[in-house]
Structure formats: structure tokens, C-alpha cells
Amino acid sequence: MNLNNNLNNNLSTNRKAPSRVYHGGLKKNLPINNNPIRPIHPVRPPMRPVARPNITRRHDNDLNFNNTISSTPSAGNSAGVGALKMKKPTKRFSMPRTRPNIGSASQVKHGVKQIIPDVGPDTYRIIPLGGVEEIGMNMTVFENEHDIIVIDAGFKFKEEATPGIDYILPNTKYLEERKHKIRAMIVTHGHLDHIGALPYIIEKIGMPPVYTRNLTSLMLKKRQAEFPHIAPLDFKIIEGNESIIIGQTSVKFYGVTHSIPDSMGIIIDTPYGWITTPGDFKLDHLDEKPTADEEANYKIFDGKKEVLLLLGESTNIENPGFSTPESLVHDNLEKIVKEIKGRIIIGMFASHFFRIAKIVETCESYNKKLVIEGRSMKNNIDIMIQAGLLNIKKDTVINAQDMSNYAPDKIVILATGAQADEFAALMRIATKQHKYIQINERDTVLLSSSIIPGNEKAVQKMKDNIARSGAKIMHYRTSDVFIHATGHAYRGEIEWLHRKLKPKFFMPMHGTHYHLRLHADLANELGMPKENIIVPDDCNILEIRDKGTKFVKLDVKAPDNVVMVDGFTVGDIQDVVLRDRQILAEDGIFVIVAMLNPMTGRLIKSPDIISRGSVYLRESQDLLREIRTMVRTTIEKAVYDTRNTPDLDYVKDIVTDTLGKFIFRETAKRPIIIPVVLFA
Ligand SMILES: [Zn+2]
Ligand SMILES: [Zn+2]
């Protein structure tokens, strides 16, 4: 018999195609791995002797034995078989399983069509599409009667709950449905949590012009080069404290200090005051007193117009006082480069432009040679030169293969990968996979960055590897000299901003819910009434109404299920796919293939059991035998029980149910179970 034919006949799907699937990434026409599969009607002869009603197969499984087996059990059916539409066993075997927590904490059901009212006259709407339930994925919508202005389009990296996913993007459906109203995409600065999603969403929202500062535009251009199928972005470069009209809306800009140059705050003018966000910011200060330059940045707020609403970042709200000024880090780096004997290897973010410039400058003043390692580091140095932020003397930078021409004391290596990213330069150096840089006990390795949450284990492993080589390690956490400073304001700086701007209404942003709450409490302590503060969830719709006197949260939400980038596929990767990946990782999979004689209702031979990642069957012969017997009796009994209304789906469900319980009892595992019952 032809196994493939039978499978195709018996197993089909009524699974709906994901609502939005399209490509991102480098190449266009790559296979989409969540192709919808059309239902195929069964063509097998009915089971005899009883006449078989013509039942359309309803399976959530799609099997392709040529290649891989995939299963997408419907919600609440952890065992993996298609949802039974005809009959259901009275009680299903379903162990409680934690759902992957991948999106918003929203209580709103996905797929339920909500009517979102249009923005009325004299109403100002704010929708945080991301960045208010997490660190990352920052994207905020401003909307009035005439215009929509989008602020930032960041992504966040995968989480434990999203195995196999590369990035997580905010849901832009709200914007897609209103793209005729979108006048601008404003980008505050060039960090990935603000620009990461842009290439994936810009076409969908109608390619609005991108308003940003010069350096950010250069970074975006470099990034867009990886997405050649997207038309060039229409940049509008913002210089200084410009004031412009976008659509019918007046928008102003101001400079802020952050860990990347050219970061800017935004002011949107309304008749009742300004709506403003500084974006990511910190304060340059001396002993907790902002410097004159810093005061000058915020001079725009002196006495001109009231601040109606502040959208303020909350990343470091937990840290009291003021953050370490970058200038202190620069002084320390200079001292280290000057004094340390032997080679120095500095691992840091490639986006730390100021610090890179400082290291170049220091190398030049102490007559050291600089080796630059890592593609993003090289790219960003090119961008800095292009933007006029950096001047490198001709012979400062040398190639790694030429290092042996110089004394180790004369060499500084600047490398990406302080986060222990798998393929970054520092990681290759640490794991002895670098062609030219072999680390030894005379080297000093500086890790000039904090650790992004989630990377702790990888960074620890990398430090272990470096330590094994005998090199000295200086990390900002273990070192008593400051070799790293955050780009985000501490509580004291945040407080300074509130006192300076004296906003009427406040929405905390950029942080987890807990961070946002702390920030809201701070605003309250500083005298803002509770009813003037809204702590939002992703995709909440907030409005300022009644001539700027009311700040409210609507009952409806913008579509809020997150969008995932999974290889070349971008789309609503279903929860069940992620849940399957988790189950596969934790408990493995069982595939049961049984061949049924339609004449007798009996199996023609003992069922085949295929298992991966659950138990090692070769060493579990007794278990295997028991499973075979159990499956055989279960199928034959179920077939007999349903002889008057034969239904293979029911049979498969019973097998899944019974086998699931059995395996759980025997092994305490809850693998995915896929029964394949075929007619011989
Ligand atoms: Zn930033
Ligand atoms: Zn940020």
C-alpha cells in the first residue's frame, strides 16, 4: 500500500490559515512553513460490513511523512490529536500545562472583533503598541482627528516561552487598518528596541516618511540594506530643536542624553498643552546636578506651554539616585588603556558610539594600535565616520593578522559580543575559535556592558572560558572601577524630569508592569493625582478628552497578539506551535501507526511505535510491548464500539487519551501523541 496516499486521505486539516503571513528577511520567495493545507475529503472505501456515512475528516494534524511530522493540537488538547467534532469522549485527558506567556496580559479574546471608535474632534489618542509590558518592543501611536504619528518601531528578543523564535514584534494591525491617516514614523534613536521592527512593518503601514536625526538615519539605511526588497525609506532629517508641521499636527524635537548619539525627545502640540516623550534618556550630571548642556536640552519647556501629557521611560526606576555619568566611564577607560600592561581586549555593544570614539581617541593619544573585531562594530565605526562623529588617523587601526608586528602593550582589541552572542567576535576569541586572536594570561579582558536579562548564563560561560585561558577579566559588576554606565535614567533623574516638566497627565512606559507601577507611584508621590495617571498594557487605547481635562482608558484595545519572526516567516505564529515546541523539548513525541482491516475491524499487525525525546524505546522493551498491546486493544474496542457510526477521529482520540494517561502513569511524561490509523 501507499503510505503517503493513505495519510493524505485520512489526515487532512480544517485548520485556518494564519491571518497574516508574509515574508521578511533577506529573500522573498522562501517557503512559508505554516502554509495552510486545504481540507481533503476522504476517498477511502467505507468500513465494512457497516455502511459508512460520508464524514468530512476534521483534523488539526497535518502529516507529511516525506519530511517532518508536525502537529498543532487545538487549544485544551495537550495530547496532540485533532479536535473531535463528531463525538467527544466524556472526559479528555488533559493535564494542566502552562501556556506560553508570549504576549499581552490582556483579557481581551483574540479574534473577537472589537469596534474601535474613530478619534473625535478635540481628542488626542495614545496607543502604546509595545514597550509597556516588557523591556523592548517600543512603539507608540499618537492620533488626533486628522493624523496618526507613529513613534519608534522596536522589537524584543525571544523569550524562554518562545523557543525557536528570533524576534517578537508589536502588532501593527491598528495602524494597517488606518494607514491612510499615518503621516510619519518618528524614530527617537538607533537602538534595536526602537528600530528593530521597522523593516518588518514599514511596508504594511504604507511606507510613511521616517523623521529622525542623521546618525539614526544612517543606521536605519545600513539595516535596510539587509531587506533589499523594501523600497528605500523616505527620510526627513531633524536637526536640533526643529519645529515642523506633520499633516495638520505641529511637532517639535529636543535633544536628550542617552548611550547613543542623536537621541531626541518629541513634543506634539495640542491646544491644551504639549504631549511629550523624551524617549530613552539619562542626565549628564556632576554630583547629581545636571550639567549646563543638559539644562539647555530641556530649556524648551521653560515657560512656553504646559505639558499636558508625559510619556516617560521606566527602565531604571528601581535604582535610586542618579546613574553613573558616561564621562566617569571614559576617564576610567582612559586610565586602563594607559596603565595596563599587556594586550587589552574590550568587549562592548557596537552601538556605544561615544565609548567607541573615546577608545579610539585614547589609543591615539597613547600611541596604541586598535584592532576592530565584529561586523556590527566595523559597520558602526563606518557610520560614525560618515556622520562626522569620529576621525580615525590612518594608521591607528590595524588588522588582527598584523598584531605580531607590535608589542602586546601597544594593542587594544575592540570586539562585539560582551553579551556572549554565539557568533560574535569576543565569543570566538573566548572559545579559541578566532583565527588570529589567541587569548593568554598576559591579556586583560574588559566587559564594558551590562548583561541583557536572559544572557546571564551565556555570559557566565564566556567568562569561564576567558578565565581558563588565564587572562584577567574586568566586568562592571565585579570591578570596583566603573567601566560601564547605563543609558537609562535612574529614579533621581526621572524625578528631575517630572519636576522640570510638571505634566498634567502621565503614562509610564518602557518597562515591565512592575517598573511602570513604580514610576506611577513616583509621579503620585510628586503630587500628581492618581486619576491623572494611567498605567497601560500593550495596545490599550488612551485618550485625552474634554478640552484637555480628562485622561481615560477605552474599554476596547487595539489588536494585541504579538507578531513573531521565525526564520524567514513573519506572522501570527500560533500559541499552539510554541506550546508544541515546548512539549517536544520537555516531553518528546510518540507516533503510533496502526493498520486496520476494514472488513474485520481488527489491526492487521502490531502497531508501529515511533518515539523521540521521550523514552529510549530500545531500552524500554517491556514498556513498548505494553504500549503495543494497549494501543491494539484500544483501537479494536473503539472500532467495535462505533461500528454503527464509524468515525476514525473518535478512534484516534481514544487512543491519544488512553495512551497519554498510560505514558504519564509509567514515565511521568506528557509527550505529544500522534496516532495514525490507516485502512489496509
Ligand atoms: Zn535606547
Ligand atoms: Zn530603549
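What covers the buried residues of α5? Here are my notes, starting with that helix.

1. Some ground rules. This is a predicted model, where local features need pLDDT of at least 70, side-chain atom pairs count only at pLDDT 80 or more, and totals for chains, interfaces and linings use all residues. Residues are numbered from 1 along each chain as its sequence is written, while chains are lettered from A and ligands numbered from 1 in the order in which they are written.

2. Helix α5 and its cover. The buried residues of α5 are Leu-215, Thr-216, Ser-217, Leu-218, Met-219 and Leu-220. Buried means that 20 or more other C-beta atoms lie within 10 Å of a residue's own, exposed means 12 or fewer, and partly exposed is in between, with C-beta atoms placed from the backbone. Their cover includes α3 (192–195), α4 (198–201), β10 (210–212), β11 (235–237) and α9. Helices (H or I, at least four residues) and strands (E, at least two) are DSSP runs, numbered from the N terminus.

3. α5 against α9. The axes of α5 (residues 214–224) and α9 (residues 375–386) come within 10 Å and cross at roughly 140 degrees. Axes here are lines fitted to C-alpha atoms, for helices over the stretch in contact, and angles run from 0 to 180 degrees between N-to-C directions. The two helices are therefore oblique to each other; under 35 degrees counts as roughly parallel, over 145 as roughly antiparallel, 65 to 115 as roughly perpendicular, and the rest as oblique. On the α5 side, Leu-215, Leu-218, Met-219 and Lys-222 meet Asn-379, Ile-383 and Gln-386 of α9. Contact means C-beta atoms, placed from the backbone, within 7 Å.

4. α8 against α9. Helix α8 (residues 353–365) packs on α9 at about 85 degrees, with the axes 11 Å apart, so this pair is roughly perpendicular. Phe-353, Ile-356 and Ala-357 of α8 meet Asn-380, Ile-381 and Met-384 of α9.

5. The sheet. Eight strands make an open sheet in the order β11-β10-β9-β6-β5-β4-β26-β27, with mixed pairing. β11 and β27 (550–557) stand at the edges, each with a single partner strand, so one side of each has no neighbour in the sheet. Two strands pair if DSSP finds at least two bridges between them. β26 (residues 540–545) runs antiparallel to β27, joined by 5 bridges.

6. A loop residue. Asn-319 is found in the loop between β18 (307–313) and α7 (326–339). Asn-319 is partly exposed, with 16 other C-beta atoms within 10 Å. Asn-319 and Arg-491 are 172 residues apart in sequence, yet 5.8 Å apart in space, C-alpha to C-alpha.

Definitions and conventions. Two residues are in contact if their C-beta atoms, placed from the backbone, lie within 7 Å.
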